[in-house]
Amino acid sequence: MECLRTMRNHGLYLADQSLGGNTARFTRQNPRGNRRHGLECPEERDYYPYWRKQPWKDIAILVSNTSFCEFFQTQSQNVRTYGRCQCPDSENECPFLETVCTSRNYTWVTDPSHGLKAPDCLYHPFTRDNHLGNSYEVDLSTGDLITPTPGSKPVNPHYKLTIPQDMAGKMCVIRLRYNISTNDYPSHAYADKSNAQCNYKERDGVRYDDPSCGRGTGVKADQNCPFVIGQTVCPLPDGANAVGNPDCDSTVDAYTSPPECYPLITEFTASSVPRSNRPFINLFDRDISAGAAFKLGFAVNTHQTARTFQDRSYVFRVAEAPVNASITNLGFRGRRGNIVQAYPAVEYDFVPSVLRCAEGDYIHIQFHGSDFNTARNQNNAEGWQYSDRTNIVRINSSSVNYPVYQEGIDFFNETEAVFFGWGGQDPTYCDRSIEDDDSKQNQFTNCGKLNMMPNRFPQDPAKGLKQCNARPGSYYHMSTRNNNFSNRVQKVLIIVQGPDTTAPTSSPVTLTPTSGSSASGNKKNDGLSTNAEIGISFATIIFIGFAAVAVTLYVKKKELWCFKKTIPEQPSVVSLQNFRSDGELGENN
């Protein structure tokens, strides 16, 4: 309700977008206020750091320019206070500025920080443009590319988090935001150390609470290009004209008398920057009226230029590990479809694709799939047309595509091999008469295509725990459903390392340990464990406010699991929201 009753920040840059309301529900990228998902507040989603109290505790900010790190870290609600106005229930546009709040005789209160250390601020991994798959691994401190080690494979972008002790026994929400910036505008000027007017080191003073600083954007409202509707004035909510924007003080028409921020309709100079939606530009300064030129159309959508593209949240539990050993998660990622249909994401793959474990340690197998793959276009894959499923069976090497017969199975014992190979399907209910009929791909009882396999496997996460008790060596495995011998391969190499095995200097295994299970399976607080390292995987630059765990987290409210490895140093800061034991949201600790 606070979002619906709080005045939006009128100092923000809107370009030429016309907002449909004056509350925090309406933003440049959500001008009609109708793109709200779950319980999110669009303004808080679109701008970071936010200027009002919010429940998220920041973990990490991964950036392409670390010169902005000090700003992000000092303005995080982990370490600094923020104020807000206490308004009566009758107030439908509660002010966000102290001066306006007190002028209406409302009470201004200051909320304490979360009392945590500042979030990590590091270089994010790099991928080629328009690609959501594997990335170039970089040194998180310097941004330099890391030379791959022999035998390693590309990995998906990730961040390692150590689960803190105070999360034990709690159900939490993990959040990931994916933000894209642009250098067309000074979009990060607010974080520039040379910007004396907006000195970001003033943690609780004028700098960030002054509307002239733009509050989350380096360009601000007086640089808006008005949405032309033929009015003689461009009023602010209080009835006054917008000061500092000459386009708001005269009658304008987008076609016969364009406002001053529309010069690109007729001319283009070295200093010009488009501030109107999808402009047509005379790029080469030729005489259009004489028929010697025409304008080029630019696909610049001011509603999307520099914005938050994703905001994903997931639920998980935290519990102590059932074994005193390292546990490494083995999941799978990707989406249904061939290489063209899945682009810019990736096809199915195990995560990690090379997994190393020492004798006596454990891997935790957990496969999370969807039953809601899109029906539009073709999504070429095996089995039920809307589903993701995978199993794991033994093969002799990465160059073969037929599994090892029962007598050759050596990493799993027979019971385990059947369980993970059949995906928990009960043969009593399988229709064996359709096994050779490809036209029955979508039939539920087609167990050969894993159609009766649950979309979260194993259903009891504790059953996914497997000890690395095979003799030291390399064990190749594949998925019978998804290892489609065309351009699709889903294979994993599990390397069991003995006491005399020399580990490589840079292991491609990035999740050690990550998602896991608890032996007690159905206990209320089973799940992730404290002091465990959890690998957070994502597509591109993000803010992590407790974030998504690998690609196995394609799970709406399915529970996620991870186990403990004792780590002596203090854990990284967390950004999360807590649930009470009854499942309702509780106060943050």
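Ile61 stands opposite Cys121 in strand S4 of this predicted model, where S1 and S4 pair in the parallel sense over four bridges. Two strands are taken to pair if DSSP finds at least two bridges between them, and the strands themselves (E, at least two residues), like the helices (H or I, at least four residues), are DSSP runs numbered from the N terminus. Strand S1 (residues 60–63) is covered on both faces, with Ala60 and Leu62 buried on one side and Ile61 and Val63 buried on the other. Here buried means under 20% relative accessible area, exposed means over 50%, and partly exposed lies in between, with a 1.4 Å probe and protein chains only.

Strand S2 (residues 82–86) is likewise mostly covered, four of its five residues being buried. S2 pairs with strand S3 (residues 107–111) in the antiparallel sense over five bridges, and Tyr82 stands opposite Asp111 in S3.

An open sheet of four strands runs in the order S11-S10-S13-S17, with mixed pairing. Strand S11 (349–351) and strand S17 (465–467) stand at its edges, and because each has a single partner strand, one side of each is left without a neighbour in the sheet. From one strand to the next, the twist averages 25°, with axes being lines fitted to C-alpha atoms (for helices, over the stretch in contact) and angles running from 0 to 180 degrees between N-to-C directions. Within this sheet, Asn329 has His364 in S13 as its bridge partner.

| Strand pair | Sense | Bridges |
|---|---|---|
| S1 and S4 | parallel | four bridges |
| S2 and S3 | antiparallel | five bridges |
| S10 (residues 327–333) and S13 (residues 362–365) | parallel | four bridges |

Pro157 lies in the loop between strand S4 (120–123) and strand S5 (158–162), and it counts as buried because its relative accessibility is 1%. Pro157 and Val138 are 19 residues apart in sequence, and their C-alpha atoms are 9.8 Å apart in space.

The protein chain as a whole has six helices and 22 strands, and buried residues make up 51% of its 589 residues. Of the contacts (heavy atoms within 4.5 Å) with a separation of 6 or more, 69% join residues 24 or more positions apart. The chain exposes about 28,000 Å², with carbon and sulfur atoms supplying 50% of it; accessible areas come from the Shrake-Rupley method with a 1.4 Å probe, and for residues only the protein chains shown count as cover.

Residues are numbered from 1 along each chain as its sequence is written, and side-chain values use heavy atoms, with hydrogens and water left out. As the model is predicted, local features need pLDDT of at least 70 and side-chain atom pairs count only at pLDDT 80 or more, whereas totals for chains, interfaces and linings use all residues.
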